[in-house]
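Me: I have a model open and want to learn how to read its features one by one. Please give me the general idea each time, then the case here.

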Amino acid sequence: MYGHINDMYKFVKRGVRGRLSRAMGAPDRENCFDMPIYEDIARDLLEAIHRGQYPIGGLIPTELELAARYEVSRQTVRAAMRRLTELGAVSRRKGSGTRVETRERPQESFQQTLGSLSDLVALAAATDRDIRSIDTVVMDRKAARRLGCQPGSRWLRIAYVRASTKPKSPPLAWVDCYVEESYADAVSGIRKDRRLVCDMIADSYGVIASEVHQTVAATVIPSTFAKALGAEAGSPALEVIRRYLDSHGRLFEISESIHPAGRYVVTSVLKRVGNPGTTEGGATRSSGKRSRG
């Protein structure tokens, strides 16, 4: 973790991101600050592979060589290698290096790494909202059960298409954003405001999103907005529901996003708390014989 933090500091301080493409002989790209550092490195390596700098079946430089070239930690380089592996561009085998598998450009998708609320700010910065409708709804029992709110509660619903800022990129998602009715006037300028809705509410009312509870599930594209997403009705999709809670645990915002398959990737890191056989890092006690693992 500290390697990534130090790398980010160096990139901001020295302006290394503007040099990444030049280091690989690729042209500079716009909006380079919209993506994590390892994504920048992965994209530069993809460009080099596509140009034939690293032929199919050949090896790309080692982690140590890439870390020195980009002035980052090996941890950041490993994250870039994982990304290339996920895209099918390379394969990795311990002791054999990283081998190029294809020169074809993989289908791109927006990738979000979840770690803090600031990660959602990065999502907002890298995309635009195309507002389709704004209305007030009363949650029936079915909707309330799905979204985790009270039946009969009133919400301002903002329906929009989330799209990448990059030209010719397909729409990322259809989003229904629900704002608890008492905070509705905080988002009156949403058609021109790219900030997170929770930040608009915080600025107007001082209500801070202390937690965001997220649920990700497989679903299909509904026929009602298949055309807006440029996707076939009934085709596979990813549903992401986020519930925003204040410091008192009160729900004040909900978002429901439908992402066509292949356009959005959610990554997370799971860490073990304590060692096997312990609870929260403390030793456990038991009577009788010790079990064998």
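This is a predicted model: local features need pLDDT of at least 70, side-chain atom pairs count only at pLDDT 80 or more; totals for chains, interfaces and linings use all residues.

Me: Is Cys 177 buried or exposed?

Reply: Start with the cut-offs: buried means under 20% relative accessible area, exposed over 50%, and partly exposed in between (1.4 Å probe, protein chains only). Cys 177 is buried, at 2% relative accessibility. Cys 149 is also buried, at 11%. Of the chain's 293 residues, 41% count as buried.

Me: How do I read aromatic pairs, and how many does the whole structure have?

Reply: A pair of aromatic rings is described by the distance of the centres and the angle of the planes. Rings of Phe, Tyr and Trp (its six-membered ring) pair if their centres lie within 6.5 Å; planes under 30 degrees apart count as stacked, over 60 as edge-to-face and the rest as tilted. The whole structure has three aromatic pairs. One of them joins Tyr 183 and Phe 252: edge-to-face, 6.3 Å between centres, 90 degrees between planes.

Me: Where in the chain do Tyr 183 and Phe 252 sit?

Reply: Elements come from DSSP: helices are H or I runs of at least four residues, strands are E runs of at least two, numbered from the N terminus. Tyr 183 is in the loop between β6 (171-180) and α8 (197-205), while Phe 252 is in strand β9 (residues 251-260). The pair links distant parts of the chain, 69 residues apart. Tyr 183 is buried at 10% relative accessibility, and Phe 252 is buried at 0%. With Tyr 205, these two residues form one aromatic cluster.

Me: Which charged end sits over the ring of Tyr 160?

Reply: The test is geometric: NZ of Lys or CZ of Arg within 6 Å of the ring centre and within 35 degrees of the ring normal. Here the charged end of Arg 129 sits over the ring of Tyr 160, 5.7 Å from its centre.

Me: Which residues touch the most other members of the largest nonpolar core?

Reply: In soluble globular proteins, nonpolar side chains tend to be buried together. A nonpolar core is a set of buried Ala, Val, Leu, Ile, Met, Phe, Trp, Tyr and Cys residues joined through side-chain atoms within 4.5 Å. The largest has 24 residues, and those touching the most other members are Ile 158, Val 179, Val 187, Ile 190, Val 197, Ile 201 and Phe 252. The elements giving two or more residues are β5 (154-164), β6, α8 and β8 (236-245). β6 gives the most, with five residues. A second, separate core of 22 residues includes Tyr 38, Ala 48, Ile 49 and Ala 80.

Me: What does Ala 173 contact?

Reply: Contact means heavy atoms within 4.5 Å. Ala 173 is in strand β6 and is buried, at 0% relative accessible area. Leaving aside neighbours within four places in sequence, its contacts are Tyr 160, Val 161, Arg 162, Leu 229, Ser 257, Ile 258 and His 259.

Me: Which residues of helix α4 are buried, and where on the helix do they fall?

Reply: An α-helix has 3.6 residues a turn, so residues three or four places apart point the same way. In α4 (residues 63-70), the buried residues are Glu 63, Leu 66, Ala 67 and Tyr 70. Seen down the axis, they fall within an arc of 100 degrees (taken from the directions from the helix axis to the C-beta atoms), so they line one face of the helix. The face turned away from this buried side carries the exposed residues Leu 64 and Ala 68.

Me: What phi does Glu 71 take?

Reply: Glu 71 has a positive phi of about 60 degrees, although it is not a glycine. Its place is the loop between α4 and α5 (74-86). Glu 71 is partly exposed, with a relative accessible area of 29%.

Key. Residues are numbered from 1 along each chain as its sequence is written. Side-chain values use heavy atoms; hydrogens and water are left out.
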